[in-house]
Amino acid sequence: MTPVLRSAAPLAEVVRGDLVESVHLGHLVTLDASGSVDLAVGDPSTVIWPRSSVKPFQAVAMLRHGLSLPPRLLALAAASHNAEDFHLAGAREILAGAGLDESALRNTPDMPVYPPAAFAWQEQGNGPASITQNCSGKHAAMLATCVAAGWDTETYLDPAHPLQVAIRETLLELTGDHASALHVTVDGCGAPLFSTTLQGMARAFGRLAGAPVTDPTSPEAQVARAMSSFPEMVGGTGRDATDVMRAVPGLVAKDGADGVYGVGLPDGRALAFKVLDGSPRPRPAVLAAALAALGAGGLPGADPTALDRVGRTPVLGGGAPVGEVRAAFASGRAS
């Protein structure tokens with residue numbers, strides 16, 4: 001049995017008619033403001049690849065080493081964006097501020113993830129490009145950091161590059177995970193990717209989102225404020241991370257590929273989950289239920305109706321709703 005399968009538990013059910021058609025297994029944890037486990041489904045100590053959920057902490061490392069961006073562009077540095085026009089303009093602005101252009105990007109060329117943006121890009125006669133790949137804001141910021149720090153820009157994706165060493169150290173610090181257990185691979189965009197435990201990732205999100213109160217001038221606070229103030233830069237139209245940040249002032253959320261998610265609340269509480277099969281289908285239902293377990297809808301200025309709307313994923317039959325994807329864990333404590 002592979003480690004990620006061990007102790008996995010149901011996170012979501014797919015209901016069609018009056019039968020449960022499918023079940024998505026995984027791991028989920030919520031933490032209180034002290035970092036203690038409040039709700040556990042599966043095993044919070046499971047080691048995972050955090051995928052793009054790690055981007056806020058990469059941005060923290062960049063700020064620590066000389067990156068200077070206005071909040072709107074800092075949010076883009078932590079984004080998996082739709083490649084809508086304002087995202088592309090932002091990535092180009094980051095590059096131009098460092099005296100660079102798109103040719104400096106080393107992320108994997110791809111089409112926009114947002115279908116209308118992909119259609120518009122293709123209509124203009126374009127194909128896969130680094131600027132339209134969803135991580136181009138992060139890569140542009142990585143390059144800008146290298147310029148600010150005096151580091152080589154050609155090799156910025158090498159795990160031994162000073163930038164990637166700094167990211168590794170920052171991730172270990174914020175997650176509290178042990179360096180001896182760290183795994184290293186390459187993410188889809190070509191950047192080095194370091195493993196975390198699920199609980200460590202939740203801990204890092206709690207520290208990040210709580211920083212505007214606990215350490216308001218820190219890089220962590222800067223990233224948290226940027227993301228929560230400009231949620232459209234972090235994802236874009238129709239993206240659940242953008243929607244939940246709009247619904248709860250001060251909330252910080254970041255999705256990742258293969259069913260990974262991390263969220264921090266402004267009071268330091270946090271959650272993280274990993275869908276075992278990597279499917280995005282159960283993600284909204286799991287996210288909404290986990291936020292309900294944390295009581296996010298009761299925070300000052302929150303819109304509980306908007307949070308509930310994020311979690312609704314109908315199952316269609318003949319083009320009409322005949323069921324739903326729903327969370328399979330209780331909103332109270334579980335194990």
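Good morning. A residue counts as buried when its relative accessible area is under 20%, as exposed over 50%, and as partly exposed in between, with a 1.4 Å probe and protein chains only. By that cut-off F205 is buried, at 0%. The model is predicted, so local features need pLDDT of at least 70 and side-chain atom pairs count only at pLDDT 80 or more, while totals for chains, interfaces and linings use all residues. Residues are numbered from 1 along each chain as its sequence is written, and side-chain values use heavy atoms, with hydrogens and water left out.

Let me turn to the aromatic rings. Rings of Phe, Tyr and Trp (its six-membered ring) pair if their centres lie within 6.5 Å; planes under 30 degrees apart are stacked, over 60 edge-to-face, and the rest tilted. This rule gives 2 aromatic pairs. Why is the pair of F57 and F205 edge-to-face? Its planes stand at 80 degrees, with ring centres 4.9 Å apart. F57 belongs to helix α1 (residues 55-64) and F205 to helix α7 (residues 198-214), 148 residues apart; helices here are DSSP runs of H or I, at least four residues, and strands are runs of E, at least two, numbered from the N terminus. F57 is likewise buried, at 2%.

Y261 and F273 form a stacked pair, 5.5 Å centre to centre with 20 degrees between the planes. Y261 lies in strand β9 (residues 260-264) and F273 in strand β10 (residues 270-275), so the pair ties together parts 12 residues apart in sequence. Y261 is buried at 0% relative accessible area, and F273 is buried at 0% too.
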